[in-house]
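Me: I would like a close look at a single part of this model. Please keep the account plain and give the cut-offs for the terms.

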There are 2 protein chains.
Amino acid sequence: MKLSKLVGVRFKERPADCVIDSHAFSVRGGYIKQVSNGIFSLYPPMKKITQNIEKIIREEMDAVDSQEVMFPVVLPGSLWEESGRYTSVGDELLRFKDRNDTPMVLGMTHEEAAVHLARDYGRTYANYPFSIYQIQTKYRDEARPRAGLIRVREFTMKDAYSFHTSQEDLDQYYDRMANSYSRIFQRAGVPEVIAVKSDSGMIGGSVSHEYMLLADAGEDSIVLCDECGYSANMEAADTTVDNSGCTPMGELKKVNTPNCKSIEDVCKFLNTKVEESCKAVMYQLNETDEYVVVFLRGDYEVNETKLTNYLDAKVHAAVVTEESGLVAGFCGPYKQDAKCKVIFDKSLEGIENLCCGANEVDYHYVGLNIKRDIGDVEYVDVSKIQTGGICPCCGKKAIRISRGIEAGNIFQLGTKYTKSMGMTYTAEDGTAKTPIMGCYGIGVGRLAACICEAHHDDKGPIWPITVAPWKVHICCMRIDDDACREMSEHIYDELQKMGIEVLFDDRKVRAGAMFADADLLGCPVRVTVGPKALANGEVELSTRDKSVSLKVAKDDIVAETKKLVDTLYAQINEKVQDRK
Amino acid sequence: MKLSKLVGVRFKERPADCVIDSHAFSVRGGYIKQVSNGIFSLYPPMKKITQNIEKIIREEMDAVDSQEVMFPVVLPGSLWEESGRYTSVGDELLRFKDRNDTPMVLGMTHEEAAVHLARDYGRTYANYPFSIYQIQTKYRDEARPRAGLIRVREFTMKDAYSFHTSQEDLDQYYDRMANSYSRIFQRAGVPEVIAVKSDSGMIGGSVSHEYMLLADAGEDSIVLCDECGYSANMEAADTTVDNSGCTPMGELKKVNTPNCKSIEDVCKFLNTKVEESCKAVMYQLNETDEYVVVFLRGDYEVNETKLTNYLDAKVHAAVVTEESGLVAGFCGPYKQDAKCKVIFDKSLEGIENLCCGANEVDYHYVGLNIKRDIGDVEYVDVSKIQTGGICPCCGKKAIRISRGIEAGNIFQLGTKYTKSMGMTYTAEDGTAKTPIMGCYGIGVGRLAACICEAHHDDKGPIWPITVAPWKVHICCMRIDDDACREMSEHIYDELQKMGIEVLFDDRKVRAGAMFADADLLGCPVRVTVGPKALANGEVELSTRDKSVSLKVAKDDIVAETKKLVDTLYAQINEKVQDRK
């Protein structure tokens, strides 16, 4: 490809709306162009990158015996009614009617379509297990698209679905798929992506993992243990609190706490520890508006996903009215007479002597002992694990919270879809049984953005050679100089003959502009043909990441470039390790 | 691939709703499954076929310097408002609102998206010409989907868009693209697909061609001249009528024609020639309901696309009321007093002595001479060309009408989109100019269906080796016989090592069922390993089209199969000719 002919525009200024680097570079480098909020067209370089990623994904899916199929983007609403998701999923499912007034949806995941396709083939046990996948456009009507290809409305996703006759078989396949995912991220040049235990959310099912790139720009919070290597997303990490060594039981007393608006204010005013306070967070059930009050240790926060999972119902922050009987700012568990559901978080368990609201304006209790003063209560885990907290795996106080970007996920779905959609098979004993399912997704565009997020400098992306749009970028510093031009063309032709994809900057532009564009396009190997060096019989060979920078005799440049390309491939591919 | 593991079901009975063979085989052979009316999932074999077709298309697009990009499926309505198509296109454009009530559409073609993407790059003359393409899902809300992948609502299409600074440059590129199309169809094994001149319809523009597979099952009518090779679709073919040698001028007389309901009845009753009669076909403009009466020779039919193009307005069949003043069944051009637009078709030109309606129930005129009795009128071409008619190219009476399926099309768009969407470039002289555009489409799934339609027998598809899902199909007649199984596995392994895609029927099924499935899966080369022949040291090698059927010594079978595969490729690829 000659750069003078490459469709796309590149520019210097960071666009104001680009919060993260990968977004800024993808706009500045002529990779993507926004068509609507969260909807993008891809210019040739990004199309090439996504194709390179898709090729890796296809090879790894084939290696785990998954067969490529294609599901529609537009699906009948009736299919989603079979699974119950037509009504259970929120506004992110785009629903519309076709010209015949038939309800349709835009596929955001394809569990229903997979069951629909597999139902006939899956009628007999002899055909199990099997796995199918597609790489196809999906649409999720995000309320707040952001960060370029990270959170979009329309995206290309690889989604695989496997079908099994036993949990053991699913477990085995799930492990093979986890291994496949680990290989995909390694081959795509981001071994940094890690698997974390996750909450299954809308998709359903029990066991699931997310593949996360740790990055400050991420929107997810990931719990990591530096001691044992435990990892989970916030929703899936059990909170363990150590309340040993706290103040012994005391007398329950009501005290005046004027002008104390937060639990921190109260503790300061009373000179007590926040770790021995009990705060209240108030919600209402979305469906009935019933109040739900969560009591938890003053220094902890409610994890709303855990709360939702515990209640099996969605909630919103409470609007506290006078009639509710709740006293905002002074709500406490002792003599709580308001009509509401009360939840005690595990963080309170074991504290003998608590400070809490007295359900009366400007008053708190001190010396509350829940067991003595309220009785036996059930403690449940609805709080967020904290930095420095106790690892649920090794028990050490070694928890660290990181931000992360989700690049993929794998789920054990159980029979959620097969049962609701009436998929059965005849077992060996002649009885009808319901198969169990797994599903496995990777966002192709988001992975491209993750790779850029993980591998860039302040001038642009540094694409790993396996996904780079071109492997070699030739900068011809003086296209109007015959020697420079001929040498550049010679290298261009010879490398292409070897099957190497080359971008050749054949434009008559200043060196600064030429290098700025080369940095933005991020090809891993660069060959710079300049008149001075060439007069000395030399050409420059370097890598985008600056780890290599050599002068090479012009007669050796083609062979040396090929060697460097091979080395970069080997650095990635030879290190690909199967998961233990 | 082992057939025992291939996801999909095959069966014997032709589904009742399958009118054409390619549809029946694609359902019976486990290629596609309907998800909704005109919306299909693809099973692995069809996914492979479409990928093979896409690979050919990509190579040929690259060869004409088109760069692959990707546009969104979901587009903002505002983009289509820029071009005017948001309102001008009918119900086949699916419009809906997103969660923020923003009007959106599902892309059916991507001219607007192409201009949107190219607008920035196309700001300077120096970047022209350039061409971009995508292979992506599209949606057209067809009122009557039919015939499997032939007329669907959701489909995968390659659409390319080129941008030029002069008509000459567009002409040149259009020719290159036409050549590319011809190569694509040849390489895909359907040299039968021909280019025909077409009407541009909704897309707009002037010069355009459709690529048609002649097939009785097609929904389009194609005009062919057996003498000179002229071809066009019905809308684009000029009708020439030879009225020399007709009856000389006579006296105009009103005659009673009781119970004559059609022009044929009248001619029979009066014993005159239909070729010397003038019939009326009545329409109303969609917008104003104004009546439009077309007079044409009794044996001709109105071509409504030609009429619409002439009027530059859409029409519907007239509802003739009493107030209209029109007398249905007796409408004629002489003393026509009704308020209506009158059109004389060219088929009437030169007839001296006509029979026509007298605008009075049960009365006709005979002896009408338009020039003498009505005066000078303008004759326009709004009728359908007929079999045996005069070729507009060579003038010989050699026109034949065939049915055809459109597999692709190419259009010269002019400035329709660039002008309306404000795309301009700075010309060499510094002035702002509007680029001109071409667009070029191929329906991938429809092409797959066309290939099947052109190449099948009564047992299933006969896939050309270039697009076949697997190149070789091994039938192991006795998987429970060690010698048969080992021989089959050996062939399977060796061919795969050579990079040949092989389907291995490793099931324990009857010979009839095994061959029926092999016929339905249509792989071009078949290797049959049976116990009897193997005992004699032989294996059968044949082609799906039965042109080859050999017994081969078992030690030679791998080499001979490879040779046959190479020969089949050569038969297609060596014959690929560039267009003259």
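Reply: A:A553 lies in strand 31 of chain A; strands here are DSSP runs of E of at least two residues, numbered from the N terminus. This is a predicted model, in which local features need pLDDT of at least 70 and side-chain atom pairs count only at pLDDT 80 or more, while totals for chains, interfaces and linings use all residues. Residues are numbered from 1 along each chain as its sequence is written, and chains are lettered from A and ligands numbered from 1 in the order in which they are written.

Strand 31 of chain A covers residues 549–553 and runs antiparallel to strand 30 of chain A, with 5 bridges joining them; two strands pair if DSSP finds at least two bridges between them.

On its other pairing, strand 30 (residues 538–543) of chain A is antiparallel to strand 29 (residues 525–529) of chain A over 4 bridges. There A:T543 stands opposite A:V525.

A:A553 itself counts as exposed because it has 11 C-beta neighbours inside 10 Å (exposed means 12 or fewer other C-beta atoms within 10 Å, buried 20 or more, partly exposed in between, with C-beta atoms placed from the backbone). Leaving aside neighbours within four places in sequence, A:A553 is in contact with A:G537 and A:E538, contact meaning C-beta atoms, placed from the backbone, within 7 Å. A:A533, 20 residues away in sequence, is 9.5 Å from A:A553, C-alpha to C-alpha.

Terms used: Contact = placed C-beta atoms within 7 Å.
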